[in-house]
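Please open the structure in the viewer and keep the selection tool at hand.

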4 protein chains.
Amino acid sequence: MSEPPLRADARRNRARILTAAAEVFDEHGTSASTEEVARRAGVAIGTVFRHFPTKADLLAAIMKELQDLLATRAETLAAEGDPKALFTFFAQVVEHAAGARTVVHLLAADGTDVDVDRQVAGLREALDSLLTRARQTGAVRAEVRLDEVIALLTAACHGALAAGWAPDLRHRTVARLLDGLRP
Amino acid sequence: MSEPPLRADARRNRARILTAAAEVFDEHGTSASTEEVARRAGVAIGTVFRHFPTKADLLAAIMKELQDLLATRAETLAAEGDPKALFTFFAQVVEHAAGARTVVHLLAADGTDVDVDRQVAGLREALDSLLTRARQTGAVRAEVRLDEVIALLTAACHGALAAGWAPDLRHRTVARLLDGLRP
Amino acid sequence: MSEPPLRADARRNRARILTAAAEVFDEHGTSASTEEVARRAGVAIGTVFRHFPTKADLLAAIMKELQDLLATRAETLAAEGDPKALFTFFAQVVEHAAGARTVVHLLAADGTDVDVDRQVAGLREALDSLLTRARQTGAVRAEVRLDEVIALLTAACHGALAAGWAPDLRHRTVARLLDGLRP
Amino acid sequence: MSEPPLRADARRNRARILTAAAEVFDEHGTSASTEEVARRAGVAIGTVFRHFPTKADLLAAIMKELQDLLATRAETLAAEGDPKALFTFFAQVVEHAAGARTVVHLLAADGTDVDVDRQVAGLREALDSLLTRARQTGAVRAEVRLDEVIALLTAACHGALAAGWAPDLRHRTVARLLDGLRP
DNA sequence: CATGAATGAGTATTCATTCAT
DNA sequence: CATGAATGAATACTCATTCAT
């Protein structure tokens, strides 16, 4: 279970690769070549495969990172206790997605074999807290369920990304989506 | 502009290829091989490339067909004069998207070079009629704009497809989306 | 079952590839690269893979060809009715093996996944005829069984090839082997 | 010639690596990875290459060890004076080969660059003693020469290994081979 | 026009070997 | 000396596209 801690240079390379991969896949989609990732990271191709034995592993690792980031952000918001935190978070995630393909892949399976479902688990809990709080304070209608919220978020991210909504349209669209949750 | 009329067998082949391509790309995504399309259509690979000089051309043609289909359907609904026709159409499109990747590609560019924007034009008009009518009768809030409706539809289609929402979840999610448009 | 007949150029290429492959694998072992085979055959790499979708398929095809050759030769000898035909055939095969790795691979599995056993079937029958005849005429002891003959032939081929026996030694060794079969 | 004596742990590592390598190459053939050898030996890959600068060196070392083993065994048998010791030894070696690829590689070069000929020298002498004794006592025909015996042994080992003869077939085949040496 | 064989650049992955830690 | 991360050449296989039959 607990791997031995990585050597300093290895950890640095792992990080570099992840960063490069996120960039490359954001720019050219997940069909971009691993070689390009290696080039951008400034390492040899073998190094990429030493850290991530498979392209799918690399993709999964990117998603994991992103998931951790989002989950942390959601937890922070939840801790602050603002009843509208759900709306804030929702909008933030969509904003992020507008610029980064990867967010979208985190929220819904793509075509890749990466099993996202399991990875969304962490995010799910965070969203659940936000939703519960919003319901309790009446910011959201009582019958709105967690899976619907996730579905709407997924849809918005996909849309924002794939359709390339301009900022203004994006904001109005998200507003309409959130309107659907209000009492 | 005006191509010479195709020979009967050529026209039949063109149709077969389009049908086969729609199936194949729906099943395996746009990364499916052109060879597979040819196989399914029962023609040789050369024939596919004679009709569609590029894989992108083939994809574009599929979308064009789908666009025509949806536009027609929207116009029919508009002609019937039901104030809630917009909702009906919206739901229908999402249902279709749930089973067919291609709808999604019609509504938003992907990674392919296909210029969808121009293709959505026809659909745009049809949706505009539906929206106008819905606004006039008060089925939809006055400030809801056309681009928002398209954005929501795009998002829902992408979500339904990519996330593979089960029917129940799909219906509830679409309901929430439409709730956002109501007064 | 019955494939459509190949176009003339395709058949020519197929033959060229087989010849080239036999040469290359004889020279460098089965670990030689498919690219080298293509180069030697004067075709592009894709062509090799169009004819033989897998390296194993290519190897299998070579063996099949060789098997057919040997089986034919054995049948010819059997038809002539010489009681010592088994000895003649045995010696011939070993001579061939001395120069060509591939013979050896026909007679025994290697490390490759090629299922030789099934392929030897044809040869087996031919050898059986020769052995039966030899037993009937008393050229070979009654208790000698077919599998032993095959085993000895396998062994001799492997030895001749791998150890690179000089002609003189090869002949004497085969003589000793055959001595073991005589009454 | 005289290397500085190895440190205790270094000597232990060398031995471990040799044992592991013998196992691994027996199981997966010489194309097995050096990394796998390291893993099995419980050392890092660098350690393997420190002891054996090249994969070929590692293979050569294994063979050297095996050669010493067999030579010792042959000498012991020769010392005991049994006229049939040659047969016994022959059978033993083949039995060993049936389970261990490495024996085969000892007796004949393969595709590797290892120069086996020189290595067989020691074994040659031992076999010579056995053969001489057998000839003197009439257990073997007078005209049987040493190189033929070696060739037969080589052949049998290759056959037993590559063809995977079942025990029963193996015994009968060896019996036939030895029959060829008898008066 | 249709066919399907040929092309060849592109991709993920492996592995012997080197070298900084 | 041992470690194990980095290297990068090599390899099997795929696929859009071209073109001779």
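Predicted model: local features only at pLDDT ≥ 70, side-chain atom pairs only at ≥ 80, totals over all residues.

Residues are numbered from 1 along each chain as its sequence is written, chains are lettered from A and ligands numbered from 1 in the order in which they are written, and side-chain values use heavy atoms, with hydrogens and water left out.

**First stop: two helices**

Select residues 85-99 of chain A, helix α5, and residues 146-163 of chain A, helix α8. Helices here are DSSP runs (H or I, at least four residues), numbered from the N terminus. The axes, lines fitted to C-alpha atoms over the stretch in contact, with angles running from 0 to 180 degrees between N-to-C directions, come within 8 Å and cross at roughly 30°. Therefore α5(A) is roughly parallel to α8(A) (angles under 35 degrees count as such).

Next, display the side chains in contact (heavy atoms within 4.5 Å). Among them are F90(A) of α5(A) and L152(A) of α8(A). The residues of this contact comprise 13 nonpolar, no polar and no charged (Ala, Val, Leu, Ile, Met, Phe, Trp, Tyr, Cys and Pro count as nonpolar, Asp, Glu, Lys and Arg as charged, and the others, Gly among them, as polar).

**Second stop: chains C and D**

Select chain C and chain D, each of which contributes 28 residues to the contact. How many salt bridges are counted between chain C and chain D? The count is eight (a side-chain nitrogen of Lys or Arg within 4 Å of a carboxyl oxygen of Asp or Glu). Finally, select R141(C) and D179(D): they form a salt bridge, and the closest N and O atoms are 3.2 Å apart.

Notes: Parallel < 35°, antiparallel > 145°, perpendicular 65-115°, else oblique.
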